[in-house]
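Subject: Structure handover

Hello,

Here is the structure I said I would pass on. Please open it alongside this message.

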Amino acid sequence: MKRFMAVVLVLALLVGLVPTLTVTAAPVADLTALAAYYPATTPIFMSLRTDDGYIETLDGLVNVLGSRFIRPAGTGPWLSLYHSVGAAAHEDPASPEVQQRLAAIEAELRDRGARVIGEIHANARTTSPEPMVQFKVRADSPTLKALLDLAGRYKRPLNLHAQWDPDTAQEVERLAASNRGAQVMLAHCGSTADAAAIRGVFARNANVVCDLSARGVPPLQGRGDSFAVYDERGIRGGWKQLIEDYPDRFAVGLDILQSWEEYEVTVRAIRLGLLANLSPATAEKVAYRNAQAWFGLP
Ligand SMILES: [Zn+2]
């Protein structure tokens, strides 16, 4: 099959007894095939880059998925801000360029039912295969704080890709502290963060949660395997205890996959390596209940 459209994160959840999934934005034809892989009730969250095919692709996805599609907002406007204006835009939320993007994102939240802002890239310097997002800006910039305020006003999470460089880690906490009424969802749980670091963040910040997309083997095999939270055999390091201690702070996810074979082994690792090694109550939350709550799903 075609390579999945190179994008950012896609988080999907399974409703019911089957564990949650995460998928990546795929061409419509692939998406139709993908639909055969999970139950008809599975909602999906995915964020797409802006390119010529964006609107067409999004409309196609919605047609295929119907009410299962969890509409995101903001990835394209955020990337276009960086690539057209540069990092300076992140320091000046009152600028016309930023105001135009914030208004566009707010319209998605207000008028089109978007349930999440993101994926928003603050630091994907070395933790994304996609060149478009391989940059680093402050995670506590005034513009990002304004975006978090917008998320808080509409009670939607802000999904943030922030790889765990020491300065980025501190900035993420300052961002979370800037609005305790808004939720920061760490994409890939900080990508390179270890369990001890996330434990500290959770203890200090009740409004920070994690998605576990791209934190398993596969798909990390061969590209950051050491940052895996789980593999098909079980949960690594201190992560199992952390998830049990904070059962309301994690949700499963997939991220970008290269083939249906990789999709199947990835979902298998989520089911047998991650969820099967958690207590039943925690597994249910991590598989789908937490995501239901974060996205405000019925
Ligand atoms: Zn990401």
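Below are some notes on how it is built.

This is a predicted model, in which local features need pLDDT of at least 70 and side-chain atom pairs count only at pLDDT 80 or more, while totals for chains, interfaces and linings use all residues. Residues are numbered from 1 along each chain as its sequence is written.

Overall make-up

The protein has ten helices and twelve strands. Helices (H or I, at least four residues) and strands (E, at least two) are DSSP runs, numbered from the N terminus. Of its 298 residues, 50% are buried. A residue is buried if 20 or more other C-beta atoms lie within 10 Å of its own, exposed if 12 or fewer, and partly exposed in between, with C-beta atoms placed from the backbone. Of the contacts between residues at least 6 apart in sequence, 76% join residues at least 24 apart. Two residues are in contact if their C-beta atoms, placed from the backbone, lie within 7 Å.

The sheet

Six strands form an open sheet in the order β4-β5-β6-β7-β8-β12, with parallel pairing. Pairing here requires that DSSP finds at least two bridges between two strands. At the edges are β4 (72–73) and β12 (250–251), each of which pairs on one side only.

Starting from β4, the pairing with β5 is parallel and has two bridges; A73 has I117 of β5 as its bridge partner. β5 in turn pairs with β6 in the parallel sense over four bridges. In that pairing I117 stands opposite L158, and H121 stands opposite H161. Next, β6 (residues 158–162) and β7 (residues 184–186) pair in the parallel sense over three bridges, with N159 opposite M185.

How well covered are β5 and β6? In β5, eight of its eight residues are buried. Five of the five residues of β6 are buried, so β6 is largely enclosed by the rest of the structure. In a regular strand the side chains alternate between the two faces of the sheet. Both faces of β6 are covered, with L158, L160 and A162 buried on one side and N159 and H161 buried on the other.

Helices on the sheet

Helix α3 (residues 75–84) lies across β4 and β5 (116–123) and runs at about 30° to β5. Helix α6 (residues 166–178) lies across β5, β6, β7 and β8 (208–211), at about 155° to β7. Axes are lines fitted to C-alpha atoms, for helices over the stretch in contact, and angles run from 0 to 180 degrees between N-to-C directions.

A helix pair

The axes of α4 (residues 96–111) and α5 (residues 142–153) come within 11 Å and cross at roughly 20°. The two helices are therefore roughly parallel to each other, a term for angles under 35 degrees. Their contact is made by V98, L102, I105 and E106 of α4 and T143, A146, L147 and L150 of α5.

Around G234

G234 is in strand β11 (residues 234–235). With 14 C-beta neighbours inside 10 Å, G234 counts as partly exposed. Leaving aside neighbours within four places in sequence, G234 is in contact with G273 and N277. G234 and A276 are 42 residues apart in sequence and 8.3 Å apart in space, C-alpha to C-alpha.

Regards

Terms used
Angles under 35 degrees count as roughly parallel, over 145 as roughly antiparallel, 65 to 115 as roughly perpendicular and the rest as oblique.
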